[in-house]
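Thanks for asking me to look this one over.

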Amino acid sequence: MNSFKNLLFLLGFIIAFSVSAQEKQRITVEYAGTFYSDPEIEDGAKVFLRDKSQQVHFVHKGADVFCDKAIYYEDQDYLEAFSNVSMKQGDSINMVAKYVEYSGKTQLAFARGDVVLTEPQSVLTTDKLYYDRNRQLAYYDTKGKVVRDSSGTITSQIGRYYMNAQKYQFTQDVVLVNPEYTLNTDRLDFFTENGHAYLFGPSTIVGETSKVYCERGFYDTNNDTGHFQRNAKIDYDNRTVEGDSLYFDRNKSFASATNNITVTDTINNSIVRGHYAEVWRERDSVFITKRALAITVQENDSVYMHADTLMVTGKAENRITRGYYNARIYKSDLAGKADSIHVDHKSGLTQMLNLARFSSSDAFALARKPVLWNLGNQMTGDTIHLLSNTETEKLDSLKVFNNAFLVSKDTLSEDGYDQIKGQRLIGLFRDNELYNVDIIKNAETIRYLRNDKNELIGIQKSKSGSINIQIVESAIEEVRFINQIDGYIYPEEDFPKSGRRLRGFNWRGDERLLSIEDLFKDDPPLDLPKIQGLEDYVPPEEFIDDAVTERIEEAGKETPNKPNKAARNLPEKEKTKPLQPSVKKPQKAFQTKTLKVDSSSVKKEE
């Protein structure tokens, strides 16, 4: 009989409570196994217990709360739920915990003990979680972990989840662990629906074969592609790629860079610069253009190569650098120009080529022929090969194939030139200075002969099968004619000016490169694309902002003589330090050992 009375009382309370709740949108009880009042807890507190069939069930504005035990404070519309607590919102959000508090007035919830928040794309676990239903915002500040199958596991000290946007915002010690890589950053904005991640502050993405660094970046965790800016760089085995903006595709082992690019090869001690580059790791190749410059670092005198386009290919031990179109090479005692220049770093062979697409009938073909200057000597031909000793880093020998021409200006006459031509030329170097030259087949020469007082004796013109030349201090010391056909020495006044140039003579002294800056002197104006930067860092919003504070204060006005339960268990003000404004590092002069390159040597465009 007493049980029947209790049941009628409980049903009556539920019906009355439900009618009142529908009018005021208060928390309502849908089911409870047992119900009683307990003045020892607090005057007006109601205790609800589950039965064997099901849990206690509460409803408020589309949210369902299930638990084994609950205390409801009717005057403050405040609920405490204990043991196996589950809070559901629609079909998409489910939170479980050992303990939950919820205010029907503020719609703020606090969960504690093995908290798990599940949404369709991810699962969040933490020890304490705060939840604002008004803003659809969840917040933790005691370390949390988010698991998303296709992206990996993300941990951080502080985190927010914006349910409407399906966006997580992680701060402090953020780590994303994926089977392919590990991401570390100061702050990570992560969208669970598409796997897009936005990085703020010093950030790294470290994989087995690459390491990315940036201070502002975007990464697509579904497709393993990213964009990185602000001091961005990618380490690829023995290469480091830096630029104003970098793109990275992990699946293709591909990276590209735009504006103010530096690609450093740590194995071959070389560097490539430009304003657009592509790097293919598995192909061991680098493509770079827009004022491209390659620097091969040497102990005492580094080699610089510039072209419209540069390509660096091959494994570290078999690396080849190719410069296409308007290629130029410079070091302190050597300079040259050609359509194309190829450098084999293993053998030390440099090839200066005249591209076949330019026919000899072209009016400008002569200017396109490879030309090389060594001290006072100018050498031209259809193809020029330079061989360096890779151990001593000094020039070893020179070969000029077809239409070889060696010219040096007679410095004491107004327009006199010592000239030697033939089918081929072979030169030998000592301490990077040309000292022996052999002209092979169909050799011709014009020389200005002088005595010890540098007085002009005469002008020699001769032909022979071959010629051997000994050079001392950039001047021809001795000439030996092999199988001489004819030869004459003319007094200057008797030698006609029309005959003072051998056929094919072309003095190109005005083209000679005298400095690193000269590598770029004929380049057209550089027009760099304006990079659309990623959005700037905005500090995270406070979980308890002014609007929430107002809601909490309003909730306590109806019970001024009691502690405001809506103000219980609120998070402390976040102590996360704001990110320092990112300042782009200037492109420093490249220095290795004794090498010093002024920043003006690479015409950087901001």
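The points below go from the whole protein down to single residues.

1. **What kind of model this is.** Please keep in mind as you read that this is a predicted model. Every value in this note is computed from that model.

2. **The protein as a whole.** You will find three helices and 37 strands here. Of the 606 residues in the protein, 51% are buried. If you take the contacts between residues at least 6 apart in sequence, 46% of them join residues at least 24 apart.

3. **Helix 3 and its buried side.** Helix 3 runs over residues 546-555, and its buried residues are V548, R551, I552 and A555. These four are on the same side of helix 3, because they cover an arc of only 95 degrees around the axis. What lies over them? The cover for the buried residues of helix 3 includes strand 9 (108-119) and strand 10 (122-132).

4. At the N-terminal end, helix 3 is capped by D545. There, a side-chain oxygen of D545 lies 3.2 Å from the backbone nitrogen of A547.

5. **Cysteines.** How many disulfides does the model have? The count is zero, taking a disulfide as a pair of cysteine sulfur atoms within 2.5 Å. As a reminder, a disulfide is a covalent bond between the sulfur atoms of two cysteines.

6. **Cavities.** Searching the whole structure turns up four cavities of 30 Å³ or more. The largest cavity holds about 100 Å³ of space. Its lining is made by 15 residues, and those nearest the centre are L108, A109, F110, R568 and L570. Which elements give two or more residues to that lining? They are strand 8 (93-103) and strand 9.

7. **Q89.** This glutamine belongs to strand 7, which spans residues 78-89. Is Q89 buried or exposed? Q89 counts as buried, because its relative accessibility is 16% and the cut-off for buried is under 20%. The side chains of Q89 and R133 are joined by a polar contact of 3.4 Å. Leaving aside neighbours within four places in sequence, Q89 is in contact with G62, Y131, R133, Q136 and M163.

8. **D333.** Look for this aspartate in the loop between strand 25 (320-331) and strand 26 (334-344). D333 is buried, with a relative accessible area of 15%. Which residues does D333 touch, leaving aside its neighbours within four places in sequence? The contacts are with D301, W373, N374, L375 and N432.

9. **D486.** Strand 35 (residues 475-490) is where D486 sits. D486 counts as partly exposed, at 28% relative accessibility. Leaving aside neighbours within four places in sequence, D486 is in contact with S462 and K463. From D486 to S462 the separation is 24 residues in sequence, while their C-alpha atoms are 5.5 Å apart in space.

10. **Two asparagines with positive phi.** N84 has a positive phi, near 50 degrees. N84 is placed in strand 7 and counts as exposed, at 53% relative accessibility. N402 also has a positive phi, near 65 degrees. N402 lies in strand 31 (residues 394-409) and counts as partly exposed, with a relative accessibility of 37%.

Methods
Residues numbered from 1 in each chain as written. Predicted model: local features only at pLDDT ≥ 70, side-chain atom pairs only at ≥ 80, totals over all residues. Heavy atoms only, no water. Buried < 20%, exposed > 50% of the residue type's maximum accessible area, 1.4 Å probe, protein only. Arc of directions from axis to C-beta. Contact = heavy atoms within 4.5 Å. Polar contact = N/O pair within 3.5 Å; in protein donor to acceptor, adjacent residues only side chain to side chain. 1 Å grid on protein atoms, 1.4 Å probe; cavity = no way out; pocket = protein on both sides within 12 Å on 5 of 7 lines; lining within 4 Å. Points joined across faces, edges and corners; volume = space filled by probe spheres on them.
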